[in-house]
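Please open the structure in a viewer and keep the selection panel at hand.

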Amino acid sequence: MDNTIDIKDRIAAMEPSAVWSDAGDGMFRVPVSSFRGLAEKLHNEGFDFLRSLTGIDWGEDGLGCVYHLENTATGENIVLGTADPDRENACLPSVHDLWKGANFNEREAYDFFGIKFIGHPDLRRFFLRDDWKGYPLRKDYDMSLNPLNMENEGNEDMAPSYEMTSDGSYILKRHPLFDDQEYVINIGPQHPATHGVLRFRVSLEGETIKKIDVHSGYIHRGIEKLCESCTYPQTLGFTDRLDYLGAMQNRHALCACIEKAMGLEVSERIQYIRTIMDELQRIDSHLLFIACLCQDMGALEVFFLGFRDREKVLDILEQTTGGRLIQTYNTIGGVQADIHPEFVKKTKEFIRYMRPKLKEYDDIFTGNIIARNRLIGTGVLSREDAISFGATGGTGRASGWACDVRKRHPYAMYGKVDFKEITFTEGDCFARYMVRIKEIEQSLNIIEQLIDNIPDGEYQMKVKPVIKLPAGSWYTAVEGSRGEFGVFLESRGDKSPYRLKFRSTGLPLVSCIDTIARDAKIADLIAIGGTLDYVVPDIDR
Amino acid sequence: MFDFGILTNWIHTQLTSVMSEGLAIFLECVIIGVLLLLLYVIIAIIMIYMERKVCAAFQCRLGPTRVGPWGSVQVICDVFKMLTKEIITIRHSDKFLYNLAPYIVILASVMAFACIPISRGLEILDFNVGVLFFMAASSIGIVGILLAGWSSNSKYSLIGAMRSGAQMISYELSVGLSILTIVVLTDTMQFSEIVMRQADGWFIFKGHIPAVIAFVIYLIAGNAEVNRGPFDLPEAESELTAGYHTEYSGMHFGLFYVAEFVNLFIISSIAATIFLGGWMPLHIPGLDGFNAVMDAIPGFIWFFAKAFFIVWLLMWIKWTFPRLRIDQILTLEWKYLVPIGLLNLLLMVIVVVFKLHF
């Protein structure tokens, strides 16, 4: 990644025990004992954004984690890896106090690998049931341990945490999540406002929210585990089923990551098509965002306006890709099929159609006094919190954090087109809503610049049918519909990945909901959830 | 203008000629009761069909089209479906109150419905404190909703019921104040008298500024009173799934559903009665030819046209506006509508005392 030479020297000065390993993007391997100190130093140096935290089973080297850090002020990136060789009792220091986003990510790593994070306040399982046996993403996991369970799942009301004692061992403590007298209400898993099977346990005092406990995993399909037994082309299909409103971008990220690992440069025509498709998908997603937000807030007319316009985007996509929700369009080294002969004409028609429609949304919803009263000033996410949680996408930009991957690490054609990165400073629900409205306009601008100049060339590069990647690890990120979607790929030279991790766009968004919805009303929780714009299959993976 | 009083008096004389006075009145009460319930159900069916079609039009859809011409039989089919569904009893619920609640709601709704003057001589409950009776009868519905929420043993229901308690009791005040403004103008509380006084112009014209303010307040408060969007917090489906009637099924749910729609009609028809002249045709003093043409249209057509116009207005608002939050709803009522309503009442008194009205 960028600026690695300079950083190498600085890391060596900070922590002499850190070893630079060069395979793929490269990373610093740090011993567990010195990891926490290095993390603190880096955090103080300005590495305030934890892009991704990936649990990984390194076999002989033990169980560990890979941390992707970014300095939001300078744009420097760094990758740290650390592992505890004691497989039975793997312990890593928790970094949840440095980067708040690590909280849920560490729970995920505990859930999948059984790594105990010392100092983590609430180390329950996250995606799997509390009575799940074993840790499924470990390479020595026995599939027969967990036959189909027909019992109801209980509620774990005591949060375990592991704390270090002075003699170097650790003790298990349990803290109650809620008091006995608290009025706890379930919002979800079957609830119209959670946009899928997500469950919040909300502690209320009257109408005021005191605490939210997020329960996830109701649509967990173990996609990362599945990928480990699939060949590279087979893994592509899963990405469309993560964030189904960002199918194009997700698949783009995985294809780009594999292409980077192969050292394959795709033709300019492919870059153009991918960029246009990504932006069409973004418009599609943002229109659905507006529709669903309005429906959640009770404005049922606007709901259908959003769907009416989204239909036009889907028609264009369908003509070329054959899919409406699940697009399955990008392939390794290209795209599935060339664009439809009418694609250019229809897309231009859509741009002409869409611009005046944005005014309609402004008239009916943005200017509405009730909508403004409901949205302005509710659910304020500060810039520091947005970075600390890693809440990227429209949510981060509404808080004043210029976090657009298209600008930070330009990929495909984004370096060559002219568009504005929309940022607001308020960080409230209204700013999050406005970011999306304005971004539709910017997406239209991007498409307009590209649509007339799609160069000739092949739409699919020559790729061997069986793809083997060299050993190493790579990370590629794209700007998904609702934030940074990253793919971390570790290869051992086989035809299937050793570890494939998708940086969920929705998980950081949900992790900040407890912070921003406290002391708000139930109705605000619905507005906050709607404007955070998470998609549940993307959180659960 | 045809007076239905002639018809009803004729029936009464015919009956008393063959039986005793007491028996005749008893028989009339039974017939009127049956007719009232029949009309209640017909209005409910029309309202539900209208709601579906109107909301479809606002949402760029067609609404029901399959069953019957333009989907007109759809609602009747739905009623039969609802009747055949199982009424589920909830464990740990307060069985007696749980089963009683929908009937209290429907009882309040029917009693209020009986107060509406539909045409000249077509009034069921019409006496000198009719307005007071209407206010009292329609308020009983709150008890049913609170009971439903309390006895369901569900947290969603309870929050919904508490919301509706806070909301409906608050907005009762504004409804009362705006009706009172018109009572000051007419010095009568009898609905038939209120309509008769509008023969030379509807109150919204006669009472000019204070009447218009009262009309707007009444529409807002009335909308909140019947829990319709943007004030549908007690059953906000994206927050509380279905609010106070979450746990109800079958016809018990159906009763809540029907009562909600008829309450909307009642609120609209009272607005039509006290502000827009009820069944009284549009009369412009001095234009006798015009008035005669207007008189040719029967009163009940005038009444239903006005009532359904206001229903349509409220549906338009419901489907377009987002929902308010509970604290905003109470702020709107206690900090804005009640003070404005009180001042408006004072203004109306001044207008009446100094004879500034038309």
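Begin with chain A of this predicted model and select strands S1 to S5, which form an open sheet in the order S1-S2-S5-S4-S3, with mixed pairing. At the edges stand strand S1 (19–21) and strand S3 (49–57); each has a single partner strand, so one side of each is left without a neighbour in the sheet. On average, neighbouring strands here are turned by 25° against each other, direction ignored.

Next, select residues 63–70 and 77–84 of chain A, which are strands S4 and S5; they pair in the antiparallel sense over 8 bridges. Within this pairing, A:Leu69 stands opposite A:Ile78 of S5(A).

Move on to a sheet of 3 strands in chain A, which is open, antiparallel and ordered S10-S11-S12. Its edge strands are S10 (183–187) and S12 (208–215), each pairing on one side only. S10(A) pairs with S11 (residues 199–205) over 5 bridges, and the bridge partner of A:Tyr183 in S11(A) is A:Leu204.

Finally, display both chains: 23 residues of chain B are in contact with 26 residues of chain A. On the chain B side, helices H10 (237–240), H13 (299–320) and H14 (326–353) each give two or more residues. By class, that side has 9 nonpolar, 6 polar and 8 charged residues.

Notes
Residues are numbered from 1 along each chain as its sequence is written. Chains are lettered from A and ligands numbered from 1 in the order in which they are written. This is a predicted model: local features need pLDDT of at least 70, side-chain atom pairs count only at pLDDT 80 or more; totals for chains, interfaces and linings use all residues. Two strands pair if DSSP finds at least two bridges between them. Helices (H or I, at least four residues) and strands (E, at least two) are DSSP runs, numbered from the N terminus. Two residues are in contact if their C-beta atoms, placed from the backbone, lie within 7 Å. Ala, Val, Leu, Ile, Met, Phe, Trp, Tyr, Cys and Pro count as nonpolar, Asp, Glu, Lys and Arg as charged, and the others, Gly among them, as polar. Axes are lines fitted to C-alpha atoms, for helices over the stretch in contact, and angles run from 0 to 180 degrees between N-to-C directions.
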